[in-house]
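Visitor: Hi! Could you walk me through this one?
Guide: Happy to; here it comes.

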Amino acid sequence: MANAREGDPNLGYLTKKETEVKLPRPTRVKNKTAAPVQITAEQILREARERQEAEIRPPKQKITDSAELGDYRLRKRKEYEDLIRRVRWNKSVWVKYAKWEESQKDFARSRSVWERALEVDYRDHTLWLKYADFEMKNKFINHARNVWDRATELLPRVDQLWYKYIHMEVMLGNAAGARQIYERWMKWVPDQEGWLSYIKFELRFNEIERARAIFNRFVECHPNVTAWIRFAKFEMKNGEIARARDVYERAVKKLGDDEEAEKLFVAFAEFEERCKETERARCIYKYALDHIPKGRAEEIYKKFVAFEKQYGDREGIEDAIVGKRRFQYEDEVRKNPFNYDVWFDYIRLEESCGDKLRIEDVYERAIANIPPAQEKRYWQRYIYLWINYVLYEELDAQDIDRTRAIYDLCLKNIPHAKFSFAKIWLMAAQFEIRQLDIGRARKILGSAIGMAPKDKIFKKYIEIELQLGNIERCRTLYEKYLEWSPENCYAWSKYAELERSLAETERARALFELAIDQPALDMPELLWKAYIDFEISESEFGRTRALYERLLNRTKHLKVWISYAKFEASATKEGIQESDMSEIDSEQKRKCLERARAVYERALSHLRTTAPELKEERAMLLEEWLNMESSFGQLGDVDLVRVKLPKKLKKRRHIETEDGPSGYEEYIDYLFPEETQTTNLKILEAALKWKKQKQSSD
């Protein structure tokens, strides 16, 4: 009784200890060496398959008398009917039911099942196909015809039903019945495949006239180029050349303006070519080129050229093609005179013909269409009409006076107050130089600088004067250049370079000083580098150091520090250029090394104190320092730098997006030796503080 009271009623008054499942204790494997015979995974699977028990299958029933057969049929029908009541919409259940009734040779019941299935969804053509297949398989031909008639009447747009119905009649040898079915189908205006199937059917029975009549109806129903070409090829195949030509002519009348008319004309011309009617083919090609738009006439042009190469002369063709293209271009420029691409094509066409009067006339008409808005983006295409015009007059027509007049007119038309084109100014000046008229060229370039100064104009003008050896003019131009654009570092550098090439060192230095004192510069780093390189080339190391110090007062960038250190490391080597490098005293080398070290120390101290977050820059600086020490060989002290090198640490941090953190990314962090010491001191301070707190609490 005591055990019963302690037991749990939910466990049948058994204790939990009694109901615990005791698993066998896992055996320990003492010998873990490999077995002499290894078992593969394939062997394990094979043994599992062999030991698998045989599948339990229901016993085969043997029906011995009609009563058992009736019971079996009643049971199966009841199963199918119950299943249909549950899933009436499932067509596969209906199909299985009907096929089972068919297997029992009860065709009336099977037919009834098919009819009931069609009541559920008569739009499913697969049900009709299977129903008709059932009737045909069991040789109920009239029933099958009845099914096909109903199916094609209810679903006339399903071509498969028509094809199957016709195939059945053809297999039965009922050509007249198949023809009637085709006629019924054609009333529904099927696609091209249906019509072609009807035509092939008639041709199988050698009914040429019937096929011709069907083709006439076909091209009326589907009036496209492909249908007409098929009709013409049919007539050609039957040797009816006159009929085929008549078909092509009817097609041209109806589809002359169609998008696919090109194919029709090509097929028509090739037909006449096969018939040895070359003049007819030539007329067709010319008619096509006169009536088909330019964009769709490329294929015809290729065919026409190939045809003429074989049967005629090329000149006649090109005259016809040029005339047609000229007409097309005139039509296009009349619709939109500001379409400069069409003008370019028109000019190219006339230049290929070589008629000077026509070419100049087209150029004059083209440049007369000045863009309506005075914005440079509208003029950028238009200005090339002028450029092509002057090049044609100078190179092809070789009319110098007309070329000069065109340049003057072009420069007058451009609104220089709003925008200008340096290319035109330079081309005009170079044209005058080619004519050996330097005065005109200078006048043009001077006008350009006065009306529309640009970098290209200054550079080219200075280059021309420099080639002519006019130094004073070059200086004047540089002064004008710098007055117009005082922030242009390129101009300052080139001006100083010019003075240096003339051995005017003081003038060059003064120019550099003026340049670096400018309040705004576009690329100051290039200017400082040029100034420093200039002083180094002049062996003015004191001035160079002063320059570096002034630059460091403006910016403490890493590259400046590295460049400064490299200069100090190589100052002596650069200074002694004429003597042999092996004669350099080690004492001088040591002084260079000390000065370079001092620069690196200053840079490192600056980065450590003012920008401690720039750890990567500090690491790069130390790498450069280490390379410098290595390059000095025995004089260098590599260990001096190595103790300062940081450790590379891989860390992870959140990727911040607009929606918040979206994961982690790895990055390289640097741990410097002084940071490690600081961390250790902080740990010791925290430990001492904890000890004092503990003593005070005790």
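**Helix pairs and a loop residue**

Guide: Helix α4 (residues 66-86) packs against helix α5 (residues 91-103) at an angle of about 165°, with the axes 10 Å apart. Axes are lines fitted to C-alpha atoms, for helices over the stretch in contact, and angles run from 0 to 180 degrees between N-to-C directions. Helices are DSSP runs of H or I, at least four residues, numbered from the N terminus. The model is predicted: local features need pLDDT of at least 70, side-chain atom pairs count only at pLDDT 80 or more, and totals for chains, interfaces and linings use all residues. Residues are numbered from 1 along each chain as its sequence is written, and side-chain values use heavy atoms, with hydrogens and water left out.

Visitor: Which residues of α4 and α5 meet?
Guide: On α4 they include Tyr72, Arg73, Tyr80 and Glu81, and on α5 they include Trp94, Lys96, Tyr97 and Trp100. Contact here means heavy atoms within 4.5 Å.

Visitor: And how do the residues of that contact divide?
Guide: Between α4 and α5 there are 8 nonpolar, no polar and 6 charged residues. Ala, Val, Leu, Ile, Met, Phe, Trp, Tyr, Cys and Pro count as nonpolar, Asp, Glu, Lys and Arg as charged, and the others, Gly among them, as polar.

Visitor: OK, new pair. At what angle do α19 and α21 pack?
Guide: About 15°, for α19 (residues 340-353) and α21 (residues 376-396), with axes 10 Å apart. That makes α19 roughly parallel to α21.

Visitor: What residues meet there?
Guide: Among them are Trp343, Phe344 and Ile347 in α19, and Tyr382, Leu385 and Tyr392 in α21. The contact of α19 with α21 has 9 nonpolar, 1 polar and 3 charged residues.

Visitor: Switching topic: where does asparagine 138 lie?
Guide: In the loop between α7 (125-137) and α8 (141-154).

Visitor: What does its side chain make a polar contact with?
Guide: The side chain of glutamate 102, at 3.0 Å. A polar contact is a pair of N or O atoms within 3.5 Å; within protein, one must be able to donate a hydrogen and the other to accept it, and residues adjacent in sequence count only if both atoms are side-chain atoms. Leaving aside neighbours within four places in sequence, asparagine 138 is in contact with Glu102 and Phe107.

Visitor: Last one: what is the mean pLDDT of the chain?
Guide: It is 80, and 90% of the residues reach 70 or more. pLDDT is the predictor's confidence in each residue, from 0 to 100. Residues 1-5 are below 50, with 2 contacts in the model beyond near neighbours in sequence.

Notes: Helices (H or I, at least four residues) and strands (E, at least two) are DSSP runs, numbered from the N terminus. Angles under 35 degrees count as roughly parallel, over 145 as roughly antiparallel, 65 to 115 as roughly perpendicular and the rest as oblique.
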